[in-house]
Structures are given as C-alpha cells and as structure tokens.
Amino acid sequence: MYALTTLFNFDSLPVFADIWQKLKKNCGLVTIDEFSFVHLSWQGAQGYQLEPVRDVLGEIACSTKAIPIKTAGIGVFSGHEPVLFLNVVKSHRLMELHEMLWDRIIPFSQEYNAYYAPDEWVPHITLTHGPFLPADLACAISELMFEPLSLELNIDNLALIFMQDGSVGIDSRYSLAA
C-alpha cells in the first residue's frame, strides 16, 4: 500500500511532544512516529506506477510554493482501525493542490482509495491509528479535548510512503519550491 503525503516533524513543537508523552503515559498509546509518520494524506492506493508518479511529484514540487495551514482540534475516523487526527482547516490553495495532485497522479494508481477524491477528502493530519482498545482511544480523546491544538504549520514537502510486509518507509520525498 502507498500513500502520497506531506510529512511533519513535531519534535520541534514542544507542546506537541508534551502531549504525546502524556498520551503514552496516561493512555498507553503508541505515537505514530514509532511505527509510521505524522502526515497529511493527499491520496492512497494499493500501488502506483512509481517512475511516472515520481516524475509528476518532482514537477509539482518545483513549481509549488509552501502552503501555510492551520489545525483546529481533533477528530476520529471510526472503523476497524480508528484514526486519531488533527483537523486541518480548508483553504483555497490547499484544495487546489489536492485537486492537481489527484488529477495528475490518479492515472498511475492501482486500486486507489476513493475517500481521498476531491469531493470526499477531509484534510487531516494523522496522529495515530488502531486497532485500539476502546478505553485507550477514549482516554486519548479525554486528554486532548482540553489541549489548545490550533497549530500553524507549512505544507513544504510531498512524500510517497509505503507499508509492505509490516514495514513502513519513504519511497521518495520532494521539497516544495522556496
């Protein structure tokens, strides 16, 4: 499985690091950094024709400037493996980039995830995902619902990540134009 993402390094945000220490200690949650990446997903698919996708991502990154974004609280995607995330406030530039990525990359995808289609996409930054014990997720929500999670971040990269045979990695990463 592959995902087209933007990766974030929250180590540089002390308030965020403190929150995750609390979640680990009080709720037993494993931060996504321990088995994946804190990321915003643009698209997901079972597979991609990698060379054309890498070429398109390189072209888009060279011609796209970083986009400032804001987060606004937390959310949960329910299901067999719930996802705990930060809500991302939609902006015109964010939605334009998403639509361009979708249009240019989808022809090279196999079994894409329709939840990332422009009309369905909910911009979010994945923090961690299940399976969780219900009590662990309830604990995390209780801990986070009183935290000021209004952050200002930058979309400054595009990264193709993968999960295969239980391992997660970065296939390629492109910095956006300065």
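**Core.** I looked up the nonpolar core first. The largest one has 46 residues; a core here is a set of buried Ala, Val, Leu, Ile, Met, Phe, Trp, Tyr and Cys residues joined through side-chain atoms within 4.5 Å. Buried means under 20% relative accessible area, exposed over 50%, and partly exposed in between, with a 1.4 Å probe and protein chains only. Trp 42, Leu 57, Ile 69, Ile 125 and Ile 155 have the most contacts inside this core.

**Source.** The model is predicted: local features need pLDDT of at least 70, side-chain atom pairs count only at pLDDT 80 or more, and totals for chains, interfaces and linings use all residues. Residues are numbered from 1 along each chain as its sequence is written, and side-chain values use heavy atoms, with hydrogens and water left out.

**Leu 57.** I listed its contacts (heavy atoms within 4.5 Å). Leaving aside neighbours within four places in sequence, Leu 57 touches Leu 4, Leu 101, Ile 105, Leu 158, Leu 160 and Tyr 174.

**Salt bridges.** I found three, taking a side-chain nitrogen of Lys or Arg within 4 Å of a carboxyl oxygen of Asp or Glu. Helices (H or I, at least four residues) and strands (E, at least two) are DSSP runs, numbered from the N terminus.

Arg 54 pairs with Glu 51, with closest N and O atoms 2.5 Å apart; both lie in helix H2 (residues 50-63), three residues apart. Arg 54 also bridges to Asp 171 at 2.6 Å. That pair links distant parts of the chain, helix H2 and strand S9 (residues 167-175), 117 residues apart.

Arg 54 is partly exposed because its relative accessibility is 21%; Asp 171 is partly exposed at 26%.
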